[in-house]
Amino acid sequence: MQHFKFYNRQDILSLTKLRRFETKLGERIQCITDPAQFESVLKTSSAQFVLFGIPEDIGIRANMGVAGSESAWLPFLQSFLNIQSNDFFSGEEILLAGHFDFGDILHLIENTARTDEEKIEAYRHAVQTIDEEVEHMVKLITEHQKVPMAIGGGHNNAYPMIKGSAKGWYKAGKLPLAQINCINLDAHSDYRPVEGRHSGNSFRYAEEDGYLQKYCIIGLQENYLPQNVWIDIVNNPFIDCITFEDIFIHGKRSFVQAVMHATGFTEDTLTGIELDLDVVQNTLSSACTPSGVSALHARQYVSLAADDTKPAYLHICEGATRLADGRMDIGTGKLISYLVTDFAKAFITARVTTRV
């Protein structure tokens with residue numbers, strides 16, 4: 001993982017605003033003191049989750065989308081580390097590893113590719129490098145039976161999240177095969193054809209490579225569903241979807257019923273929990289929408305999914321605080337911090353309740 005930057009205690013405290021009579025997550029969260037001992041720390045740490053960032057937009061560029069998803073990680077971290085540590089959530093349950101930095105790859109492409117076609121080809125080739133490093137990180141985490149929590153970055157990273165989790169949980173003895181299910185709250189299926197890796201075809205690649213068993217999409221927008229992809233979904237018994245229109249326009253299911261349908265569809269094995277922020281109304285992302293689910297719905301989704309599945313990982317992607325076209329929204333980072341804590345709290349509560 002040559003592009004991974006590990007954080008030490010001082011890195012974390014530099015982003016934490018210390019205040020007398022209060023304790024912040026940044027003061028309680030676990031960290032890596034020596035990157036060379038990362039695997040040993042994973043083996044001995046009491047943390048249930050390992051949090052890391054993938055701040056890149058190469059996969060989005062490869063899908064001809066609006067760049068800028070690399071901008072969400074630091075604002076998220078600043079918000080997250082300054083949450084109060086209390087009886088609701090102390091922070092000790094999370095090990096903060098660090099983030100990937102693929103800036104050198106992007107710089108090389110931008111300075112060598114001459115045409116748009118050359119850039120698209122180069123971006124798609126570069127995504128394969130990102131895939132390999134993210135997969136390795138996720139496999140390390142899951143084989144030590146920790147739950148990865150990744151903040152992107154483009155949705156291209158769903159593929160290495162699925163692949164790395166499947167391999168890691170299998171090596172840990174938690175799966176009979178290196179294969180998991182996945183639930184995705186998303187305006188798009190990201191099931192486009194195999195045409196070179198990008199943010200729009202992670203689930204297709206994961207399925208074709210045998211790492212994805214069942215896949216359920218919630219909130220799929222009918223206006224942005226290619227007919228060929230729709231036909232593939234309808235004809236595949238291992239894929240299900242509940243469109244945004246069926247929930248909010250036609251009223252066939254409530255939002256909670258839709259989420260519970262997805263958790264039921266994927267309940268037979270470990271399940272990756274995906275949330276693409278382009279589904280959340282008026283949230284800055286590579287494909288932001290004026291008509292989508294609310295932030296409250298997104299929070300309900302991650303909480304219900306953590307409670308009612310066997311989570312293989314959490315992946316929140318496509319959010320941005322600054323896009324290449326100039327649009328800005330500093331609130332995206334804070335929204336992601338809510339989503340991460342909601343997931344962690346529900347996961348911990350569900351396991352404590354089960355033990356009792």
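User: What makes Asp 232 and Arg 204 a salt bridge?
Analyst: The closest N and O atoms of Asp 232 and Arg 204 are 2.8 Å apart. A salt bridge needs a side-chain nitrogen of Lys or Arg within 4 Å of a carboxyl oxygen of Asp or Glu, so the pair qualifies. Asp 232 lies in helix H10 (residues 227-234) and Arg 204 in helix H9 (residues 202-208), so the bridge ties together parts that are 28 residues apart in sequence. Helices (H or I, at least four residues) and strands (E, at least two) are DSSP runs, numbered from the N terminus.

The model is predicted: local features need pLDDT of at least 70, side-chain atom pairs count only at pLDDT 80 or more, and totals for chains, interfaces and linings use all residues. Residues are numbered from 1 along each chain as its sequence is written, and side-chain values use heavy atoms, with hydrogens and water left out.

User: Why is Arg 204 called buried, and Asp 232 partly exposed?
Analyst: Buried means under 20% relative accessible area, exposed over 50%, partly exposed in between (1.4 Å probe, protein chains only). Arg 204 has 9%, so it is buried. Asp 232 has 30%, so it is partly exposed.

User: How do you know that Arg 19 and Glu 22 form a salt bridge?
Analyst: Their closest N and O atoms are 3.7 Å apart. That meets the distance limit, so the name holds. Arg 19 is exposed, at 56%. Glu 22 is partly exposed, at 27%.

User: What makes Lys 163 and Glu 135 a salt bridge, and are they buried or exposed?
Analyst: The closest N and O atoms of Lys 163 and Glu 135 are 3.5 Å apart. Both residues are buried.

User: How many salt bridges does the structure hold?
Analyst: It holds 17.

User: What joins the side chains of Asp 190 and His 155?
Analyst: A polar contact of 2.7 Å joins them. The term means a pair of N or O atoms within 3.5 Å; within protein, one must be able to donate a hydrogen and the other to accept it, and residues adjacent in sequence count only if both atoms are side-chain atoms.
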